[in-house]
Amino acid sequence: MAIRPILIAPDPRLKQKSTPVTVFDAELQRLIDDMFETMYDAPGIGLAAIQVGVPARLLVIDLAREGEEKAPRVFINPEIVWTSADDLSTYEEGCLSVPEQYAEVERPARVRVRFLDAKGESHEEEMDGLAATCIQHEMDHLEGVLFVDHLSLARRSLLLRKVAKAQKLARAKG
Ligand code: K1U
Ligand code: ZN
């Protein structure tokens, strides 16, 4: 297993639409394993494949709290088949590709997701709370959308400028 570098905005690869996974082989399992290792190391509660530079419709999530047993979940080619529509929930989101920036985003409070597991078997699951927020955030990545794209232009520009400044400072420090 390996920790892969996480792409940071405004890397143009984060804006691309990912393509469906069609082959369920050892290479896919290695990518999944690396994504978990990268997410746990960051640390984060979710990660989409494009964040490590792979434009495949694949994401991982682990919502276990500190001290709880790990609860790794893999979602391949996920589709939202139902949302709670006007029943919305607001959460202060962060993103490993927009480091150290947080903002409130409003999304449907509950969603039903159809997805494949690592063996290619199909499942459907209704999610609420942080799970619903997190899967919608990660599925946005598959469409090239970042949480800052849900904000006003002024707020988005401010957060992205802060990221650019921090990255410049980090590079200068070596
Ligand atoms: O970059 C990502 O997509 C991961 C992101 C997921 C997410 C966070 C909050 C709301 C929706 C989606 C993160 O994991 S940011 C880091 C974070 O939230 C966290 C890190 C350590 C412990 C608890 C939370
Ligand atoms: Zn993210």
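This is a predicted model: local features need pLDDT of at least 70, side-chain atom pairs count only at pLDDT 80 or more; totals for chains, interfaces and linings use all residues.
## Conventions

Residues are numbered from 1 along each chain as its sequence is written, while chains are lettered from A and ligands numbered from 1 in the order in which they are written. Local features need pLDDT of at least 70, side-chain atom pairs count only at pLDDT 80 or more, and totals for chains, interfaces and linings use all residues; side-chain values use heavy atoms, with hydrogens and water left out.

## The sheet

Five strands form the open sheet: 5 strands in the order β1-β2-β3-β6-β7, with antiparallel pairing. Strands (E, at least two residues) and helices (H or I, at least four) are DSSP runs, numbered from the N terminus. Strands pair if DSSP finds at least two bridges between them. The edges are β1 and β7 (122–128), each pairing on one side only. From one strand to the next, the twist averages 40°. Axes here are lines fitted to C-alpha atoms, for helices over the stretch in contact, and angles run from 0 to 180 degrees between N-to-C directions.

β2 and β3 are joined antiparallel by 4 bridges. Ile61 has Arg73 in β3 as its bridge partner. β3 (residues 73–83) also pairs with β6 (residues 110–116), antiparallel over 5 bridges. There, Trp82 stands opposite Arg112 in β6.

## Helices on the sheet

Helix α1 (residues 26–41) lies across β1, β2 and β3, at about 40° to β2. α2 packs on the sheet too, touching β1, β2, β3, β6 and β7. Its direction makes about 150° with that of β2. Contact means heavy atoms within 4.5 Å.

The 14 residues of α2 should span 20 Å at 1.5 Å a residue. The expected span is 1.5 Å times one less than the number of residues. The end C-alpha atoms of α2 are 21 Å apart, which agrees. Because 12 of its 14 residues are buried, α2 is largely enclosed by the rest of the structure. Buried means under 20% relative accessible area, exposed over 50%, and partly exposed in between (1.4 Å probe, protein chains only). Among the buried residues are Cys134, His137, Asp140 and His141. After α2 comes Gly144, with a positive phi near 80°.

## Glu138

An unreviewed UniProt entry annotates Glu138 as "active site". UniProt positions follow the numbering used here, feature names are shortened, and annotations may be inferred rather than shown by experiment. Glu138 sits in α2 (residues 129–142). Its relative accessibility is 4%, so Glu138 counts as buried.

Beyond four places in sequence, Glu138 contacts Gly46, Leu47, Ala48, Gln51, Leu59 and Ile61. A polar atom of the Glu138 side chain lies 3.3 Å from the backbone nitrogen of Ala48.

## Ala49

Ala49 lies in the loop between β1 (46–48) and β2 (58–61). Ala49 is buried, at a relative accessible area of 0%. Ala49 and Ile6 are 43 residues apart along the chain, and their C-alpha atoms are separated by 9.6 Å.

Terms used:
A polar contact is a pair of N or O atoms within 3.5 Å; within protein, one must be able to donate a hydrogen and the other to accept it, and residues adjacent in sequence count only if both atoms are side-chain atoms.
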